[in-house]
Amino acid sequence: MSNADKIADHYHALLALVGENPARKGLADTPRRAAKALAYVTQGYQQNLDQVVNGAIFESDNDQMVIIKDIELYSICEHHLLPFVGKCHIAYLPNGKVIGLSKMARITDMYARRLQIQENLTEQIARAIEQVTEARGVGVIIEAQHFCMMMRGVQKQNSIMKTSMMLGTFRTDHRTRTEFLTLVRD
């Protein structure tokens with residue numbers, strides 16, 4: 001029996017445990033679909049940094065800040081298995097190398113598509129960018145809405161969690177940090 005089949009069996013059991021009839025017409029294929037969806041939203045476990053970057057590191061004389069804003073992200077909170085969704089802003093100061101633009105989004109997705117907390121996700125992205133680019137500094141900010149806050153518990157629909165990780169020059173030079181924060185706000 002494959003992992004997908006085992007997961008589908010567990011979803012079937014969960015449906016019954018919450019009081020549903022897993023055999024009813026609308027739910028008959030739900031365990032299989034849910035297993036496929038879970039595999040997709042957790043595909044980050046099947047990826048690694050070398051695969052995602054795929055050699056897209058290029059020599060460059062540029063020593064000015066490179067920034068990409070508003071990378072959409074979708075993740076699953078490891079505490080309640082509910083989604084959190086938002087956007088990620090990444091900046092780095094090149095040190096002879098730049099990374100392909102799409103790779104920053106792919107790195108974000110790789111880590112977001114794991115059971116996760118936002119604080120760790122922010123750090124993982126920053127450290128990965130630092131590792132592959134050997135940048136003089138890296139800054140990452142994530143803004144996200146957490147369904148565990150919205151759908152249950154305190155039920156605060158408009159709350160947004162913001163986390164940041166500053167490495168290298170972004171941590172030690174307030175001008176670099178201020179430039180990043182200003183560019184993210186614009």
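Analyst: Helix H5 has 16 residues and spans 23 Å from its first C-alpha to its last, close to the 22 Å expected at 1.5 Å a residue. The expected span is 1.5 Å times one less than the number of residues. Helices (H or I, at least four residues) and strands (E, at least two) are DSSP runs, numbered from the N terminus. This is a predicted model, in which local features need pLDDT of at least 70 and side-chain atom pairs count only at pLDDT 80 or more, while totals for chains, interfaces and linings use all residues. Residues are numbered from 1 along each chain as its sequence is written, and side-chain values use heavy atoms, with hydrogens and water left out.

User: Why are the buried residues of H5 said to line one face of the helix?

Analyst: The buried residues of H5 include Leu 121, Ile 125, Ile 129 and Val 132. Seen down the axis of H5, its buried residues fall within an arc of 160 degrees, so they line one face. The arc is that of the directions from the helix axis to the C-beta atoms.

User: Why is Glu 143 called buried, and what is Lys 162 called?

Analyst: Buried means under 20% relative accessible area, exposed over 50%, and partly exposed in between (1.4 Å probe, protein chains only). Glu 143 has a relative accessible area of 17%, so it is buried. Lys 162 has 59%, so it is exposed.

User: What makes Lys 162 and Glu 143 a salt bridge?

Analyst: A salt bridge is a side-chain nitrogen of Lys or Arg within 4 Å of a carboxyl oxygen of Asp or Glu. For Lys 162 and Glu 143 the N to O distance is 3.8 Å, so the pair qualifies. Lys 162 is in strand S7 and Glu 143 in strand S6, 19 residues apart.

User: How do you know that S6 and S7 pair?

Analyst: Two strands pair if DSSP finds at least two bridges between them. S6 and S7 have eight, in the antiparallel sense, so they pair. Glu 143 has Lys 162 as its bridge partner in S7.

User: Why is S6 described as largely enclosed?

Analyst: Nine of the ten residues of S6 are buried, so the rest of the structure largely encloses this strand.

User: What does Lys 97 tie together through its salt bridge?

Analyst: Lys 97 and Glu 134 have their closest N and O atoms 3.2 Å apart. Lys 97 lies in strand S4 and Glu 134 in the loop between H5 and S6, so the pair ties together parts that are 37 residues apart in sequence.
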